[in-house]
Amino acid sequence: MADLLTNGGGVGETERAQKLSHQLGRPISPNQYIQAHTILKSYAHEYHDKPVLVLGGKLDVVRKVAKQYGYQKAFTTLDVLAWNPSVWPFHTLSEREREAVEVVDFSQTPISAIFVYHDPRNWALDVQVACDVLQSGGIIGGPTVKLPLQDNPVKLFFCNPDLIWRSDFDQPRIGQGAFKVAFQAVYKALTGEEYPYVQYGKPTIETYKFAKHAIHDQVQHMYNGQSEPPNVYMVGDNPESDIAGANAASWQSILVKTGVYDVNNGPPTHSPSHLADDVEGAVEWAIRQEFHKHRADSLTQRSRITNLGLYLLVTISAISLFLNFSHWSSIGSSGNGKKYEPTLLRAFSRPYTRRKLSHLIMVPCHSIWKGKDSWLNDADWLLESYQQKDESRLRAFYQHIEKGAEIANNDSESLLIFSGGQTKPASTDTEGESYLRLAHAAELFRGQVPFDRATSENFALDSYQNLLFSIARFHEYTGRYPERVTVVGYEFKRARFEKLHRQALRWPHKHFKYIGIDPEVTADSSSNHIKGELQNGYIPYSRDIYGCHTVLADKRRIRNPWSRFHPYYTSSPDLAALMDWCPGEAQGGATALFNGPLPWDSPAIVRDS
């Protein structure tokens, strides 16, 4: 077991621990997870019924965290802007932002403290509102009162001093520490001096004291108060925060080479107790240190093994891993139980331009194209019996591809994904790859060849997986999840996607669009399509919404003749629990919606129509 300390945050410890538990494949308790703002629990008794301003994060997420801590009157700068748009007239609230605000009259609501929980998303708005609060002594829009003359000055807290942090971009990005610098520069320009504040987060000594108490309490709880205070080993990637703080706290510090620290830039600014290649090497070094400290030659061979095993359990329980979590969450387990970092995640990088992509266009595939320069003959496809001798169906296949390419050509922030697995025993091609190949052969894309905003998803075995796996593939390809989804498919399958698959993923209906294109049909054939869809698609999924029981599960097995297994547990670990969700009686039946956290969560989980 390990305690995890990070200068990150923005969500509650329970939610963060649940996600990490899924990623690591082992339980992590919320008590083990110490975020930059976890220490603010210590102030809840003082501010539980006082209005406070909380800054940072998306929408009202940090307000929810503050209320979990006990702050019952936590407000955001979006609340302020909703109250009076002239506070910052350069930003108009979006529909999603309006849904996240609380209505309050700030002219009658004195703010007692400002807590910067996480990296602010709108620096200008947050700096302006913070200056309004601090200059007036708490009343936004109130008269300016110089700080020495204020009866009860507003207290200001920052949770993360990091000036920079590491993202997918090639160079470090500025963080909450940079926001503090910017805010103080503006406040000093207005008043002639900086505003007094309390700083938490690594490397502040108070944060390390808080972490040490948390570690001690856990060890005492595990061993019924019979354990001595443990030796603490700190593993981190940032010399300025991780190593500096650990050294000041008189802990053993281990610097790893897998994050902020770059050996090419010379020796670290703060010297660690040990320099390791990665987290695995750091933990092994800590274990060796304890082994050598406490080995007793007088022990018999049998008792030596028993006692040493117990002591190492205590030691590992006390190791506090302060690290870059994008690295730690990629650590897996080999067959012999040894920890490792999948080489897959270390062997590739994404062009930064992909980070701007936000619109997923998904075309579910229905066959495998095996042709070279034609697509309108049965011989060009691997068809099921019901698909044969139906030129209008083949034309619909092509129209789906053509429409997807058209949308992608006209939206520079979109990624087109053709989704379908290796479903035919007669071919090693996947449906997705064949559709993409046909799109290029037909020269449907504008610009460079191959078109870099179109790709395939090669593992889906049914329409539900088409949607779920395409979202996972979008994340795999871009490093982020889409904000909008457009599906191009059969019109007679619209209800299946809009009312069942979208709902199963809890994807917001406002950000979902379905474009239906049916084969050219007669009245009789149209009726047959609708009847077939009800019998084979809509009704089975309405009874088994995740397609994981009996009939639908059997279809997946039949459509997987090559025993393929998707990679999305590794490349999109946030979706692991959803991909494993197969509700039964204990969860409320086969139509029970997944109730865990999702990257696109709205403020409330509801079944909408």
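This is a predicted model: local features need pLDDT of at least 70, side-chain atom pairs count only at pLDDT 80 or more; totals for chains, interfaces and linings use all residues.

Arg-506 lies in the loop between helix 17 and strand 22 (512-516), where helices (H or I, at least four residues) and strands (E, at least two) are DSSP runs numbered from the N terminus. Residues are numbered from 1 along each chain as its sequence is written, and side-chain values use heavy atoms, with hydrogens and water left out.

Coming back to Arg-506, this residue is not a glycine and yet has a positive phi of about 55 degrees, and its place is just after helix 17. For context, most residues other than glycine have a negative phi, and most peptide bonds are trans. Is Arg-506 buried or exposed? Its relative accessibility is 9%, so Arg-506 counts as buried; the word buried here means under 20% relative accessible area, exposed means over 50%, and partly exposed is in between (1.4 Å probe, protein chains only). In helix 17 (residues 494-504) the buried residues are Arg-496, Phe-497, Leu-500, His-501, Arg-502, Gln-503 and Ala-504.

Ser-563 also is not a glycine and has a positive phi of about 55 degrees, and it is found in the loop between helix 19 (550-558) and helix 20 (568-571). Ser-563, however, is exposed, with a relative accessible area of 62%.

There is also a cis peptide bond, which joins Lys-202 and Pro-203 with an omega of about 10 degrees, and Pro-203 lies in the loop between strand 9 (198-199) and helix 8 (205-222).

Let me turn to the aromatic rings. A pair of aromatic rings is described by the distance of the centres and the angle of the planes. Rings of Phe, Tyr and Trp (its six-membered ring) pair if their centres lie within 6.5 Å, and planes under 30 degrees apart count as stacked, over 60 as edge-to-face and the rest as tilted. How many aromatic pairs does a search of the whole structure find? The search finds 30 aromatic pairs. In one of them, Phe-445 and Phe-451 have ring centres 4.5 Å apart and planes at 5 degrees, so the pair is stacked. Phe-445 counts as buried at 12% relative accessibility, and Phe-451 is buried as well, with a relative accessible area of 7%.

In another pair, the ring centres of Tyr-481 and Trp-600 are 6.1 Å apart and the planes are at 70 degrees, so this pair is edge-to-face. Tyr-481 lies in the loop between helix 16 (463-478) and strand 21 (484-489), and Trp-600 in the segment after helix 21 (576-580), so the pair ties together parts that are 119 residues apart in sequence. Both Tyr-481 and Trp-600 are buried.

Ring pairs also link a cluster made of Tyr-43, Tyr-47, Tyr-69, Tyr-71, Phe-115, Tyr-117, Phe-157 and Tyr-200. Lys-50 lies over the face of Tyr-47, at 5.8 Å from the ring centre, where a charge sits over a ring if NZ of Lys or CZ of Arg is within 6 Å of the ring centre and within 35 degrees of the ring normal. The charged end of Arg-354 likewise sits over the ring of Tyr-477, 3.8 Å from its centre.

Finally, a pair of helices. The axes of helix 14 (residues 391-410) and helix 15 (residues 431-441) come within 10 Å and cross at roughly 75 degrees, the axes being lines fitted to C-alpha atoms, for helices over the stretch in contact, with angles that run from 0 to 180 degrees between N-to-C directions. That makes helix 14 roughly perpendicular to helix 15, since angles under 35 degrees count as roughly parallel, over 145 as roughly antiparallel, 65 to 115 as roughly perpendicular and the rest as oblique. Phe-397, Tyr-398 and Ile-401 of helix 14 make the contact with Tyr-435, Leu-438 and Ala-439 of helix 15, contact meaning heavy atoms within 4.5 Å.

As for the protein overall, its secondary structure comes to 21 helices and 22 strands, and buried residues make up 51% of the 609 residues.
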